[in-house]
Amino acid sequence: MVRPKLGGMTATAPLAPYRLHDHLPLPAPTAAIEGCARRIERYPVHITSSLDATLDRLEPIVRGKGVGIITDDVVESLFARPLVCGLRDLGCEVLLHAVPAGEASKSVNQALALWDWLASSTLARRDVLLTLGGGVVADLGGWVASAYMRGIRYVNLPTTLLAQVDGALGGKVAVNHRLAKNLLGAFHQPAAVIADVSSLRSLERRHLAAGLAECIKKAVIASPEYWGLIHRDAEAILDRDQAALERLVRGAAAIKTALIERDPYEADLRRPLNFGHTVGHPLETATGYGTLLHGEAVAFGMVAESRVAEARGVLAPAVLEELVALLRRCGLPTAAADLPVAVSANDVMRAMEKVRLIRAGSLRYVLPAAIGETIIADDVSDAETHRALVACGLA
Ligand SMILES: NC(=O)c1ccc[n+]([C@@H]2O[C@H](COP(=O)([O-])OP(=O)(O)OC[C@H]3O[C@@H](n4cnc5c(N)ncnc54)[C@H](O)[C@@H]3O)[C@@H](O)[C@H]2O)c1
Ligand SMILES: [Zn+2]
C-alpha cells in the first residue's frame, strides 16, 4: 500500500486515511513533557548590478506567484515601475504598498496599515513579499511578514548602502517604540537578499557615508583585510564607483553572515556586531529618530566606545586616531560639534537606562582591542561612559 505523505495525500492514494506509522503512546504519569522545534534556514545573498540580473535571481522564488511589494514613497518613484513590469513579465500578480520615507515609518501604526492591506488583498500564504528600499522598509516589511499568517516568505531588495551591507541581512526585523529603538520585533529570515549596487547611483552621499559606517564597524570587529579595502576604496565608494561598491557589499555580506551564523538568534548577546550601538542606539533615541541617520549614530557610538577602550588601556591611542580619521574622511560625525542637534551626555545616558532595563541590568560594551579584535565588557561604569561622552565633546 502506498502510505500517504505526512501533511498531504499522494496522487496514488487520494482517499487513504491519514495515519501515523506508530500510534503515539500516552506518557507515564510523572514523565516530563517537552516541546521541541528546530529550524535551519539558509538564504542566498546575491550582489547584482542591474535590474535584469536582479529579476533573474528573483525568478525561481516568485514565478507564477502573487507578489506584494513593500516600499517607501521615495523608492517607489525611483525603482518601482520597472520592477513591477519585470515581475508581471514573470507571470506574477503584483501589488504594492508605499509608506512615507523615513525612520518614523518604522512604527506599529505603519505595520497595522500593512496588515490591513494584506488582509484585504488576494495574497495567500504561498505568495511572497518583497521589501524594496532601505533598512526602514526591510525592518518594517520583515516584521509584517513575520507575523502575517504566522510568517510568510519575503525577499529583501535593499536600495541603500546601509541596508545592503547590514539591515537586509540576518533576519532581525522590528519597529521602534517611543521609549526604545527596535523594541517590537522578531527573527524572521528572508528567502533571499538581492542587493543591486546600481540602485545606489541615486543615493545621497550622506546616506552612502552612513552605510560605510556599518562597514567600518565590521572591519574593526572582524577583518583587517576589509579595513584595508575601505581605506583604499573610501573615495571611490563615495563617488559611487560600481566596482568598488560591489567589493564593499560583498565583503560586508560575507562578514555579517559569518558572524551571525555563530548565533543567529542571539542566545548569547555578546555580539561584536553591536560595536558602536551601545552608545549609538541611545543617541538615536535622545536625538529623536530620524534627525541623525542610523549609520551616523553608529559612527559616533564607535568613537565613544573606543574612547572607553582607550581609557581602559585596551586600545592603542594610535588606532583610535586612525578610526576617527577614517570616519572623518567619510564625512561621519565623531564629535558633538558634528551632530545636527544639541544633545547632552546626560540625555544619552538617560536613553541608555531603558536599554539597561531591557538587558536586565547590564549594558554590554564591545571594546575594540585592535583592528579585527574586540573584548566584550559588562562592567563599564556610568562614570566611564560619561567621561567618554564628554571626551567626544558632549556637555
Ligand atoms: N535589522 C538589522 O539588522 C538592521 C541593521 C542595521 C540597520 N537597521 C535599521 O535600518 C534603518 C536605517 O536604514 P537606512 O539608512 O537604509 O534608512 P531608510 O530606509 O530610511 O533609507 C534612507 C532614505 O533613503 C531613501 N532611499 C532608499 N534607497 C534610495 C536610493 N537608491 N536612492 C535614493 N534614495 C533612496 C529612502 O527613501 C529614505 O528616505 C534603521 O531603522 C536601522 O535601525 C537594521
Ligand atoms: Zn546598525
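This is a predicted model: local features need pLDDT of at least 70, side-chain atom pairs count only at pLDDT 80 or more; totals for chains, interfaces and linings use all residues.
Ground rules, briefly. Residues count from 1 along each chain as its sequence is written, while chains are lettered from A and ligands numbered from 1 in the order written. Local features need pLDDT of at least 70, side-chain atom pairs count only at pLDDT 80 or more, totals for chains, interfaces and linings use all residues, and side-chain values use heavy atoms, leaving out hydrogens and water.

Zinc comes up now. Which residues coordinate the zinc ion (ligand 2)? Glu214 through OE, His277 through NE2 and His294 through NE2, at 1.9 to 2.2 Å. Donors here are N, O and S atoms within 2.8 Å of the metal, or 3.2 Å for Na, K and Ca; water is not among the atoms, so sites may look incomplete. The donor spacing in sequence reads E-x62-H-x16-H. Glu214 sits in helix H6, residues 205-222, and His294 in helix H10. That pair links distant parts of the chain, 80 residues apart. Helices are DSSP runs of H or I, at least four residues, and strands are runs of E, at least two, numbered from the N terminus.

Buried or exposed, for Glu214? Buried, at 2% relative accessibility. His294 is buried too, at 18%. The cut-offs: buried is under 20% relative accessible area, exposed is over 50%, partly exposed is in between, with a 1.4 Å probe and protein chains only.

Stay with H10, residues 294-311. H10 packs on H13, residues 382-391, at about 125°, with axes 8 Å apart. Axes are lines fitted to C-alpha atoms, for helices over the stretch in contact; angles run from 0 to 180 degrees between N-to-C directions. The two helices are therefore oblique. Under 35 degrees would be roughly parallel, over 145 roughly antiparallel, 65 to 115 roughly perpendicular, and the rest oblique.

Who makes the contact, meaning heavy atoms within 4.5 Å? H10 brings Phe300, Ala304, Arg307 and Val308; H13 brings Glu384, Ala388, Leu389 and Ala391.

Last, backbone. Arg150 has phi near 60°, positive in a residue other than glycine. Arg150 is in the loop between helix H4 (135-147) and strand S5 (153-158). At 79% relative accessibility, Arg150 counts as exposed. Arg240 also has a positive phi, near 65°, and is likewise not a glycine. Its loop runs between helix H7 (224-238) and helix H8 (242-261). Arg240 is partly exposed, at 25%.

Notes. Contact means heavy atoms within 4.5 Å.
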